Amino acid sequence: MVQVEVYTTTNKKLGDISVSENVKVIDIKKEIAKISKLSVERQSVRSEAKGKDIKDDSTIENLGSTRKVFVKDLGPQIGWNTVFLLEYAGPFVIYVLVAYRPWLLYGAEAQGTELSTTAKIALGCWSIHYLKRIFETLFIHRFSHGTMPIRNLFKNCGYYWGFCLYVAYHVNHPLFTAPLLLQQIIGLAIFAVCEVGNLSTHILLRNLRPAGTTVRKIPVPDNFPLTKLFDLVSCPNYTYELGAWIGFTIMTSCLPAALFTLAGFYQMAVWALGKHKNYRKEFPNYPKQRKAIVPFIL
Ligand SMILES: NC(=O)c1ccc[n+]([C@@H]2O[C@H](COP(=O)([O-])OP(=O)(O)OC[C@H]3O[C@@H](n4cnc5c(N)ncnc54)[C@H](OP(=O)(O)O)[C@@H]3O)[C@@H](O)[C@H]2O)c1
């Protein structure tokens, strides 16, 4: 056993803990929880004050000689499932409300106006998308982290709910003008294929990880044709998500939907580049031809 000093990342001493030399970070966190007010989920453990977070199932190099660890308080946490359910239930409820109670946004004269066929199809697409996400959160994803900082909840809900209101306002507007039928059909087809592609990617990722573990593997296509995109990019789920919103934008010809697509693309591209870099660092045999999110380009 070694005696280890625990410091905050601002170099304030929290106390001492006793652990074995090759102890995993998760067990260090449990010891820190006993000498501080920080629950295991609130802690990010590092070997240097300005160092990187070390994963729960890793060990800390040279712990026996340095005998010091640093812990950062991640703030109050909230369960992933709760976050995702709130993030995704919001856009579903808001969009349906705007479509079926138009007077809420457009005033009394909108009462009784019929939604255009395109707006009805867009409502179907939007609802399926978010109901699918709720379903995936409950029954498909096997997340490695149980919680995330509560402040992310406000940021994420603001993003999803705000854009939903913006898009729903325009597509369900009594003066909404639908584009050409052929354009709508093309947009709807792209949306549908990409939704199935996104789901198939999530199922493949689920099957990579045995239940109750945080195992990570190199994803490779399975028998379902749409998973072949894994040969070209590290995050096909993001590529398909992007494709689905491009399809929705084509179908509705709606500028707010295009802006939502662009914002989503930016966020997902940042994440995909990070995940891609991690894959290459973690797996020396990672396929070289893969890009992060856009085949052959990014
Ligand atoms: N419109 C938008 O702005 C937007 C933005 C972001 C996401 N989304 C949607 O939300 C979906 C989920 O997003 P996400 O960021 O959670 O996706 P993600 O990071 O790709 O993860 C999906 C699930 O797969 C697991 N996973 C990923 N790579 C793995 C590997 N190599 N081995 C084993 N398991 C692995 C993840 O576990 P971990 O918990 O370990 O990561 C997570 O449970 C996206 O696919 C997209 O459809 C939309």
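I'll start with the hairpin of β1 and β2: there are 4 residues between its strands, and N11 takes a positive phi near 65°. Keep in mind that this is a predicted model. The two strands, β1 at residues 2-8 and β2 at residues 13-19, run antiparallel and pair over 6 bridges.

Now the chain as a whole. DSSP gives 9 helices and 6 strands. Taken along the principal axes, the C-alpha atoms fill a box of roughly 75 × 45 × 30 Å. The chain has 298 residues, and 27% of them count as buried. If you take contacts between residues at least 6 apart in sequence, 71% join residues at least 24 apart.

Next, helix α3. This helix covers residues 80-100, which is 21 residues.

Which residues of α3 are buried? They are V83, E87, Y88, P91, I94, Y95 and V98. Note that E87 is on that list. The spacing of such a list can be read against the helix repeat. An α-helix has 3.6 residues a turn, so residues three or four places apart point the same way. As for what covers the buried residues of α3, the cover includes strands β5 (77-79) and β6 (147-149), along with helices α4 (103-106), α5 (117-139) and α6.

That brings me to α6, residues 150-171, where Y159 is found. Is Y159 buried, exposed or partly exposed? Y159 has 16 other C-beta atoms within 10 Å; a residue needs 20 or more to be buried and 12 or fewer to be exposed, so Y159 is partly exposed. Along the chain, Y159 and F260 are 101 residues apart, while their C-alpha atoms are separated by 9.4 Å.

Last, the ligand. There are 20 residues around the ligand, and those that come nearest are F143, S144, L205, N237 and G264. Which elements give two or more residues to this shell? They are α7 (181-208), α8 (236-252) and α9 (255-282). The largest share comes from α9, with 4 residues. Sorted by class, the shell has 8 nonpolar, 7 polar and 5 charged residues.

Notes. Residues are numbered from 1 along each chain as its sequence is written. This is a predicted model: local features need pLDDT of at least 70, side-chain atom pairs count only at pLDDT 80 or more; totals for chains, interfaces and linings use all residues. A residue is near a molecule or strand if its C-beta atom, placed from the backbone, lies within 6 Å of it. Ala, Val, Leu, Ile, Met, Phe, Trp, Tyr, Cys and Pro count as nonpolar, Asp, Glu, Lys and Arg as charged, and the others, Gly among them, as polar. Two strands pair if DSSP finds at least two bridges between them. The expected span of a helix is 1.5 Å times one less than its number of residues. Two residues are in contact if their C-beta atoms, placed from the backbone, lie within 7 Å.
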